[in-house]
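Subject: Structure for your review

Dear colleague,

Please find the structure below, followed by an account of what was found in it. I would be grateful if you could read the account with the structure open beside you.

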Amino acid sequence: MPLGDDILFASVRDLSEKLRKRELSPVELTDAYLERADSTGAAINAYATVTRDLARAQAKKAEQEISAGFWRGPLHGMPYAAKDLLAVRWYPTTWGAAPLRAQKLAYDATVIQKLTDAGAVLLGKSAMVELAGGLGYRFPSASATGAAKNPWNPSRWTCGSSSGSAAIVSAGLAPFAIGSETWGSILCPSSHCGVSGLRPTYGRVSRHGAMALSYTLDKIGPLARTAEDCALVLQVLAGHDPADEGSLPQGEAQFVWPPHEKPSPSRLRIGWVTQQGKGGPPAVEAACRAALELLRKQGASVEPVAIPDGAWVPATTVILYAEAGSALRPLIRSGQVGELVDPAAKLGGYLYETIPAADFETAQRVRLVAQKKMDVLFQRFDVLAGPSVGEPAWALDQNLDTVADLPDPLGALGNLCGLPAISVPCGFTADKLPIGIQFVGRALDDAACVTTAMHLQAATDWHKRRPPAL
Amino acid sequence: MSRLSRREFAGGAAALIGATLLPARVVADEKTTPRAQASSATPAAATPTPPKPLTAGQAEAEARVQMIVARYGARISAADRSELVRMSNDVQGQLDRLRAFPLDWDDQPAHTFRAPRRRR
């Protein structure tokens with residue numbers, strides 16, 4: 001009997017329990033998701049590559065181990081997808097870019113290796129914006145595989161650059177997926193697709209084997225159905241890796257879940273960032289305020305706060321330009337950027353190479369000022385909150401330069417300072433498009449973001465809603 | 001990437017409607033010329049108005065495009081050049097804002113990335 005939606009849309013936690021008790025077969029579960037990848041996945045452009053043979057082999061191995069009483073942990077036998085910027089040995093790793101269609105690497109990225117060691121089952125490489133949007137883009141179609149379609153409304157985009165990862169979780173094609181964020185690439189797709197997405201503290205998850213876009217801004221993190229699922233995955237991903245120069249020492253990089261002390265809602269201090277998404281559709285702010293009101297009713301303190309002014313956006317921009325100009329220089333110099341899809345991406349790299357060194361240095365100095373200011377702010381708050389994105393999902397043919405230009409200080413500062421953040425669903429627009437709220441924490445307080453989101457998800461069912469049949 | 005961030009750092013994201021086909025200075029010269037020709041019947045218009053001097057930021061934005069053309073000229077079409085002018089102006093806005101931020105001489109860079117935490 002084929003597995004139904006109640007299974008395919010179940011959380012990592014629930015599936016794990018069934019797998020452990022042998023009420024569910026990893027092979028059967030994997031086959032069900034693979035079948036769905038061919039139908040729904042293809043319809044929404046969610047996958048760049050389906051790793052069918054690898055998935056079946058990993059699922060079979062997991063089944064044998066679990067049957068023999070060997071239990072690796074909560075991801076044992078758990079299917080997942082990984083953004084196509086992560087190396088998977090001898091499978092295409094295209095970075096979403098047409099000129100790299102034939103690229104195959106001879107090793108697994110550290111996060112892939114860790115997930116393999118945990119017994120997880122790789123279903124495929126998820127579609128993404130070309131070069132993770134690193135050279136700029138203007139249209140949702142900026143990908144070698146075309147625009148990923150939003151499961152909630154296929155005429156809308158998923159947002160980027162972890163487009164396929166969000167679409168896959170949202171459409172019930174896998175219980176979790178791996179994405180990456182340089183500036184918004186986990187939080188925005190999570191918000192627009194109605195899933196939970198966690199951007200870990202910078203340095204907590206190794207980038208070894210991941211496409212480099214910006215060495216001091218890139219982070220890798222999970223997208224899943226619930227905040228708790230994100231934590232379960234992060235626990236596996238986190239840890240020091242000598243192959244990544246940005247990796248934190250093990251004592252800081254490791255993520256222990258559940259935390260020794262789980263803060264009760266009555267001790268939570270939440271700062272509502274008044275500038276975030278200001279001027280967007282009223283439904284977005286209203287949904288976020290309603291979510292905070294639920295937390296307040298559980299005993300949390302919620303206080304409006306203004307983010308300190310500063311050149312945070314220009315500093316983040318300049319760092320990203322300069323680092324992308326260096327990291328992607330082989331593509332720029334060779335002229336391969338001319339094969340990219342988006343008109344902005346074809347030219348952006350030429351401009352990035354011209355960023356003066358003195359300005360890059362100035363941006364790094366501004367970054368330290370920002371980090372210190374944020375650390376002071378977090379004396380008063382456990383988490384800062386605001387809309388994940390000021391607007392719901394944009395149309396597939398939208399010129400992204402023409403959408404409203406809403407303030408995003410949490411996005412700029414959160415990424416500039418390497419702070420953790422989570423986006424979780426908190427409602428829908430009248431058009432039935434998901435709305436997300438984000439919680440940003442102090443450096444290394446990823447657990448505060450997760451537990452705050454868990455308190456919200458304990459009181460709501462937004463994260464349990466499923467998109468209409470595709 | 002969020003929409004704002006994309007706009008901020010995507011280079012070509014800040015669209016200036018009404019594309020030019022040449023770098024800003026050249027365009028400024030060309031805009032002057034037809035206007036002068038059209039009104040050449042009047043004595044006052046007989047002397048063409050000299051182009052306005054570029055601000056430092058405009059000059060820098062233009063120099064950036066010229067550097068790209070010098071380096072990659074064979075790949076850069078007229079339409080690309082126009083696009084680069086727009087993108088360069090956007091970058092200039094970011095650089096100007098960054099440079100205006102007050103820093104003390106002992107504000108050091110965050111080269112060795114760390115995540116500062118104070119004791120509570």
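What is the handedness of the link of A:Cys159 and A:Cys188, and what is the angle about the S-S bond? The link is right-handed, with 105° about the S-S bond. Please bear in mind throughout that this is a predicted model.

**The disulfide and other cysteines**

A search over all chains of the structure finds one disulfide. The bond joins A:Cys159 to A:Cys188, with a distance of 2.0 Å from S to S. A:Cys159 lies in the loop between β5 and α6 of chain A, while A:Cys188 belongs to helix α7 (residues 187–193) of chain A, so the pair ties together parts that are 29 residues apart in sequence. Both A:Cys159 and A:Cys188 are buried.

Two further cysteines deserve a mention. A:Cys193 takes part in no disulfide, and the nearest cysteine sulfur, that of A:Cys159, is 8.3 Å away. A:Cys193 is buried, with a relative accessible area of 0%. A:Cys288 is likewise in no disulfide. For A:Cys288 the nearest cysteine sulfur is that of A:Cys426, at 4.0 Å. Why is that pair not counted as a disulfide? The two sulfur atoms of a disulfide must be within 2.5 Å of each other, and the sulfur of A:Cys426 is 4.0 Å from that of A:Cys288. A:Cys288 is also buried, with a relative accessible area of 0%.

**Backbone features of chain A**

Is A:Lys432 buried or exposed? Its relative accessibility is 59%, so A:Lys432 counts as exposed, the cut-off for that class being over 50%.

Two cis peptide bonds may be inspected as well. One joins A:Gly160 and A:Ser161, with omega at about 10°. A:Ser161 is found in the loop between β5 (153–157) and α6 (163–170) of chain A, and A:Cys159 is placed in the loop between β5 and α6 too. Another cis bond runs from A:Trp257 to A:Pro258, where omega is near -5°. A:Pro258 sits in the loop between α9 (250–253) and β9 (269–273) of chain A.

**A glycine in helix α15**

A:Gly414 is part of helix α15 (residues 409–416) of chain A. With a relative accessible area of 1%, A:Gly414 is buried. Which residues is A:Gly414 in contact with, leaving aside its neighbours within four places in sequence? They are A:Arg199, A:Pro409 and A:Leu419. A:Gly414 and A:Ser180 are 234 residues apart in sequence, and their C-alpha atoms are 14 Å apart in space.

**Chain B**

Chain B contains four helices and zero strands, which gives the pattern α-α-α-α along the sequence. Of the 120 residues in chain B, 37% are buried. Among contacts in chain B between residues at least 6 apart in sequence, 66% join residues at least 24 apart.

**The interface of chain B and chain A**

How many residues of chain B are in contact with chain A? There are 52 residues of chain B in contact with 77 residues of chain A. The size of an interface is often given as the accessible area lost when the parts come together. Between chain B and chain A, the buried area is about 5,600 Å², and carbon and sulfur atoms give 60% of it.

Three salt bridges are found across this interface. One of them joins the side chains of B:Arg99 and A:Asp359, at 2.6 Å from N to O. On the side of chain B that touches chain A, α1 (3–9), α3 (56–72) and α4 (78–100) of chain B each supply at least two residues. The largest share, twelve residues, comes from α4(B). By class, that side of chain B has 24 nonpolar, eight polar and 20 charged residues.

Yours sincerely

Notes. Residues numbered from 1 in each chain as written. Chains lettered and ligands numbered in written order. Predicted model: local features only at pLDDT ≥ 70, side-chain atom pairs only at ≥ 80, totals over all residues. Heavy atoms only, no water. Buried < 20%, exposed > 50% of the residue type's maximum accessible area, 1.4 Å probe, protein only. Contact = heavy atoms within 4.5 Å. Buried area = accessible area lost by both parts, 1.4 Å probe. Salt bridge = Lys/Arg side-chain N within 4 Å of Asp/Glu carboxyl O. Nonpolar A, V, L, I, M, F, W, Y, C, P; charged D, E, K, R; others polar.
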